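Here are some notes for a colleague, to be read with the model open. Each point takes up one topic.

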Amino acid sequence: MFGLTALELARIQFGFTVSFHIIFPAITIGLASYLAVLEGKWLLTRDRVYRDLYHFWTGIFAVNFAMGVVSGLVMAYQFGTNWSYFSAFAGSVTGPLLTYEVLTAFFLEAGFLGVMLFGWNKVGPGLHFFATCMVALGTLVSATWILASNSWMQTPQGFEIIDGRVVPTDWLKVIFNPSFPYRLVHMTLAAYVSTALFVGAAGAWHLLRGRGSLANRRMFSMAMWMLVTVVPLQILAGDQHGLNTLEHQPAKVAAMEGHWENHPGEGLPLVLFALPDMEAETNRFSLEIPRLGSLILTHSLDGQIPALKDFAPEDRPYVPVVFWSFRVMVGLGFLMLGLGLWGVWLRWRDDLYTSRPFLWAALLMGPAGLVAILAGWFTTEIGRQPWVVYGVMRTADAVSNHSAIALSTTLAVFVVVYFAVFGTGVGYMLKLVARGPDGHEPPAEGGADPTTEPPAGRPARPLSATPDAPGPLSQER
């Protein structure tokens, strides 16, 4: 296909499936914690707005959770089908880590998800809140094991190679490898920021349409508070993650900065714009700020870092993609910070819910968190190349012996099926968002409280928690 080799097609196929999958767990992590906060506020205050928002976002969470599970299964099989030599070489590390995720996080989520989705009128409020918290905890535990596995591939330690295979010698070093804490914090905060933008965009959509109900204003306000709180933490975590990457993967940082060579006595400029040229080993049309790169990366005006020319050409990542994906991520991060600070100013002026330019900005920034996650993921994974286990196993040695025709065919099938299946799922999820929480109105004075009425029927699948299916949510609406 298009003159691509089997290795390139295998990488594109895995990158395609990962790109679809990563957005769903990110929203799952954020929404699960958001639901725990909403239910906790409902129990503390008995303010029905929190209850109504909880039920509204539970249906959306159920759809997103289902898509995350389905998309994740494909990747697990691809380790065996497309990357069999990697699985044979490093499966003694990655296999147990993924198994630990199933034995802890997946069982935790599966055990309490049913209670969370369908137990509102069947168990006590304390137990139901506990179930919601356990689901939220399960999403974080899942992220912990997945990132431990990926981080080990980036900064491997705690192993020996015996008879051509990795043998773990210290599981604590395997799990708590040098980059793991930074990746875990960075990814968790990214999930919270993405969810805040998603929730904020939903609130902005309804406010722009004149639906200024208390529920819509409340969820928009909570999203803006979350944004202005977490984005600065994410910027700080990203800076620390970058310094850790500089220590352990200097070629990746050089590619991120478009830094080809050092000059004695000169600080590193911050390259704002450039077109990196791999063949000429230089940047075209470069726009730079002198010495700012040194200040950011070394915290001094004349500090230097390893340059791309310090590495053999075959050991360098593909600079143009790494260079620009990093800038997309950072640029969106500062736009998020600006949106959050704008919201603080408007809140002070009592215009948070009425400023149409701000509401439009919040709506348009809705997918920005997910785009930034994808850009960061591309930076991380393409920047690791040409290694699948950094410094230990090259990607070219990890791929299975498939023909380019076979991989082209399966890639085409994946593209068609994924856009059809997940496109439908995302469309349905956005349809639920467009309905809004306005249907969750408190009962008339003296009327029955729907939270005390037992639902009809017994839901048998997670998507039964959506408003189109029989169950507690549809009855309360």
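1. Start with R284. This is a predicted model. R284 has 39% relative accessibility, so R284 counts as partly exposed. Its salt-bridge partner is D277, with the closest N and O atoms 3.1 Å apart. D277 is partly exposed because its relative accessibility is 22%, and the cut-off for buried is under 20%.

2. Salt bridges across the structure. The search of the whole structure finds eight. One of them joins D47 and R218, with 3.2 Å between the closest N and O atoms. D47 sits in the loop between α1 (6-45) and α2 (48-81) and R218 in helix α7, so the pair ties together parts that are 171 residues apart in sequence. D47 is partly exposed at 25% relative accessibility. R218 is buried, at 18%.

3. R384 and E381 meet through their side chains at 2.7 Å, N to O. Both lie in helix α12 (residues 368-384), three residues apart, about one turn of the helix. An α-helix has 3.6 residues a turn, so residues three or four places apart point the same way. R384 and E381 are both buried.

4. W152. This residue belongs to helix α4 (residues 125-154). Is W152 buried or exposed? Its relative accessibility is 0%, so W152 counts as buried. Leaving aside residues up to four places away in sequence, W152 touches A90, V93, Q157, F159, V166, V174, N177 and V389. W152 and I175 are 23 residues apart in sequence, with their C-alpha atoms 7.1 Å apart.

5. The hairpin. Strands β1 (residues 159-162) and β2 (residues 165-168) pair in the antiparallel sense, over four bridges. I162 is opposite R165 of β2. Two residues separate the strands, and D163 in this hairpin has a positive phi near 55°. Check the W152 contacts here too: F159 and V166 are among them.

6. Helix α11. Which residues of α11 are buried? In this helix (residues 356-364) they are F358, L359, A361, A362 and L363. The buried residues pack against α6 (180-208), α7 (214-248) and α10 (319-348).

7. The nonpolar patch. Y100, V102, L103, F106, F107 and W171 make a nonpolar surface patch of about 540 Å². Helix α3 (residues 84-118) gives the largest share, five residues. Y100 lies in α3. At 30% relative accessibility, Y100 counts as partly exposed.

Conventions:
Residues are numbered from 1 along each chain as its sequence is written. This is a predicted model: local features need pLDDT of at least 70, side-chain atom pairs count only at pLDDT 80 or more; totals for chains, interfaces and linings use all residues. Side-chain values use heavy atoms; hydrogens and water are left out. Two strands pair if DSSP finds at least two bridges between them. Buried means under 20% relative accessible area, exposed over 50%, partly exposed in between (1.4 Å probe, protein chains only). Contact means heavy atoms within 4.5 Å. Patches are made of residues with over 30% relative accessible area and no salt bridge: like charges are joined within 9 Å, nonpolar side chains (Val, Leu, Ile, Met, Phe, Trp, Tyr) within 5 Å. Accessible areas come from the Shrake-Rupley method with a 1.4 Å probe; for residues, only the protein chains shown count as cover. A salt bridge is a side-chain nitrogen of Lys or Arg within 4 Å of a carboxyl oxygen of Asp or Glu.
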